[in-house]
Amino acid sequence: MGKIAVIYWSGTGNTKIMANSIAEGIGQSGAEAEIFDVSDFGGDISAYDKIAFGCPSMGDEVLEEGEFEPFFESVEGNLKGKKVALFGSYGWGDGKWMRDWEERVSKDGASLYGEGLIVNGMPSGDGKTECVDFGKGFAGF
C-alpha cells in the first residue's frame with residue numbers, strides 16, 4: 001500500500017477531527033498513516049506514495065493563507081505521480097475552494113482520489129463515519 005501521510009491545518013479543530021478520522025479509516029484498512037499538523041511536517045513529500053491534505057475553507061473560499069497555502073505551494077510541484085486525497089471543513093459557501101484545489105492538484109499530475117471530502121462544521125456522527133470511510137477508500141486507491 002505504500003507510505004501514507006495525512007497533512008492538515010485546522011483553526012477550530014474541525015479539520016483536525018477529520019484528519020484523525022481519515023487516519024483511523026486508513027488504519028482499519030490495514031495500512032498505516034503518519035499524521036501531521038502542517039506546522040509539524042518536516043519530512044520530504046517524496047517519501048510518501050499517498051498524501052491526504054486537509055484544509056478548511058477560509059475567507060472567500062480559499063485555503064488558509066498563513067501556513068497551509070505557503071506549505072502547499074512549496075510541495076505541489078512534487079505531486080506528479082502521487083495519489084492525493086483532499087478534505088476540509090467549511091461553514092458556508094458551496095465548496096468552491098475544494099473545486100479550485102482539486103483542479104490545482106490535477107494540473108500537477110497527481111492522481112486525485114475521487115472528489116474532495118467536505119464536512120459542514122464539526123464532523124460528528126455521519127460526518128465522522130464519512131471521514132473513516134474516506135480513509136478506508138483512500139488506503140485502497
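Does F134 count as buried or exposed, and at what relative accessibility? In this predicted model, F134 counts as buried because its relative accessibility is 9% (buried, under 20% relative accessible area; exposed, over 50%; partly exposed in between; 1.4 Å probe, protein chains only). Residues are numbered from 1 along each chain as its sequence is written, and side-chain values use heavy atoms, without hydrogens and water. As the model is predicted, local features need pLDDT of at least 70 and side-chain atom pairs pLDDT 80 or more, whereas totals for chains, interfaces and linings use all residues.

The whole structure contains 15 aromatic pairs (Phe, Tyr or six-membered Trp rings with centres within 6.5 Å; stacked under 30 degrees between planes, edge-to-face over 60, tilted for the rest). F36 and F41 form an edge-to-face pair, at 5.0 Å centre to centre and 85° between the planes; both F36 and F41 are buried. The pair of Y113 and F134 is also edge-to-face, because the planes lie at 65°, with the ring centres 5.2 Å apart. This pair links distant parts of the chain, 21 residues apart: Y113 is in the loop between strand 5 (111-112) and strand 6 (117-120), and F134 is in helix 4 (residues 126-139) (DSSP runs numbered from the N terminus: helices H or I, at least four residues; strands E, at least two). Ring pairs also join F36, F41, Y48, F53, F68, F71, F72 and W101 into a cluster.
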